[in-house]
Amino acid sequence: MRDEIVTIFGGAGFIGRHLVRRLAARGATLRVATRSPNSAGHLLPMGDPGQIVLVRFAEDEMTLAKLVEGASAVVNLVGILFERRAGDFERVHAVLPGRIGAAARAAGVGRLVHLSAIGADPASASLYARSKAQGEAAVRAAFPEAVILRPSIVFGPEDGFFNRFAAMARIAPALPLVGGGTTRFQPVYVGDVAEAILAGLERPEAAGRTYELGGPKVYTFKELLEYVLRVTGRRRLLLPLPFPLARLQARLLELLPNPPLTRDQVTLLERDNVVSPGAAGLAELGITPTPLEVVVPDYLAAYRVCGPTLPVG
């Protein structure tokens, strides 16, 4: 991809910074579209002077057209975990992907990768999952050759899962097992997700396909929290929280500016978050998934207690 222009929507976030580093190493010129360019300066040292350009992102058609003009490829990483205002999921997940796809098609862009999520389903009881499915449909309608990637929960040094629960374990006497902790996840390494995006851009056979991205092992929610406690050397009560009680708690937590749990997220936890049987995934993109045990202990070291700790298995 040397000397090609790649526009990355949402490129300043958790996954974006890993993708930017890889694309810059390949010699691409990167146009990183972000809502706050002044907060994305950490990306600039990842490339040569002038190789990475930070541009302000807006959702109107005229701005989108300018952002994709002259680009050979476009990547959409924009997503939110909760709504600050009613309609945010529809606007960000359902409508925006179609507008990006239409702008890319009109500009003659050759390749488009859209990041969705495992569990995207137009019939889901979760607004998040429904909006993700609507966004996939909108991308397909506007840009049929788009590559759609659906990761499970993504882990890595800046993740919002392992870091959050490790931080909670520092101060809380117990950690909540929403729904009893039986929901299954297939955590995937952020570096593998970035490699999957690259494969989607570079492999002609990926055009028009959907891939579900999961790591090499499936864990229950309880097993993941137990692992966090082992790695950090802490003993905490794991308190089962039935779904009805979790919804009641989430109703109150939604009043916070950055809620740790919402009712829609409780609904999501009622379904497993794993790769579907027979779905194309990392293997079809030529990627060997990274076990979380290889990566997580390094960045959770900051949360470890001093002195003797529990064995990490």
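Residues 24 or more positions apart account for 76% of the contacts in the protein chain with a separation of 6 or more, contact meaning heavy atoms within 4.5 Å. The model is a predicted one, in which local features need pLDDT of at least 70 and side-chain atom pairs count only at pLDDT 80 or more, while totals for chains, interfaces and linings use all residues. Residues are numbered from 1 along each chain as its sequence is written, and side-chain values use heavy atoms, with hydrogens and water left out.

The protein chain holds ten helices and 13 strands. These are DSSP runs numbered from the N terminus, helices being H or I of at least four residues and strands E of at least two. The C-alpha atoms fill a box of roughly 55 × 40 × 40 Å along the principal axes. The radius of gyration is 20 Å, which agrees with the value near 20 Å for a compact globule of 313 residues. That radius is taken over C-alpha atoms, and the globule rule is 2.2 Å times the number of residues to the power 0.38. Of the 313 residues, 51% are buried. Buried means under 20% relative accessible area, exposed over 50%, and partly exposed in between, with a 1.4 Å probe and protein chains only.

Asp 3 lies in the segment before β1 (5–9). Its phi is near 70 degrees, a positive value in a residue other than glycine. Most residues other than glycine have a negative phi. Asp 3 counts as exposed, at 66% relative accessibility.

Helix α1 spans residues 14–25, and nine of its twelve residues are buried, so α1 is largely enclosed by the rest of the structure. The buried residues of α1 include Phe 14, Ile 15, Leu 19, Arg 22 and Leu 23. Just after α1, Gly 27 takes a positive phi of about 90 degrees.

Two helix pairs involve α3. Two packed helices are described by the angle between their axes and the distance between the axes. Axes are lines fitted to C-alpha atoms, for helices over the stretch in contact, and angles run from 0 to 180 degrees between N-to-C directions. Helix α2 (residues 61–68) packs with helix α3 (residues 88–106) at about 50 degrees, the axes being 9 Å apart. That makes α2 oblique to α3. Angles under 35 degrees count as roughly parallel, over 145 as roughly antiparallel, 65 to 115 as roughly perpendicular and the rest as oblique. On the α2 side, Leu 64, Ala 65 and Val 68 make the contact; residues on the α3 side include Leu 96, Arg 99 and Ile 100. By class, this contact has seven nonpolar, no polar and one charged residues. Ala, Val, Leu, Ile, Met, Phe, Trp, Tyr, Cys and Pro count as nonpolar, Asp, Glu, Lys and Arg as charged, and the others, Gly among them, as polar.

The axes of α3 and α4 (residues 127–142) come within 8 Å and cross at roughly 10 degrees. The two helices are therefore roughly parallel to each other. Nine nonpolar, six polar and three charged residues form the contact of α3 with α4.

Thr 290 lies in the loop between α9 (263–268) and α10 (292–299). It counts as buried, at 18% relative accessibility. Leaving aside neighbours within four places in sequence, Thr 290 is in contact with Phe 155, Tyr 189, Asp 192, Pro 216 and Val 295. Val 294 is placed in helix α10. Val 294 is exposed, with a relative accessible area of 53%. Val 294 and Tyr 189 are 105 residues apart in sequence and 9.9 Å apart in space, C-alpha to C-alpha.
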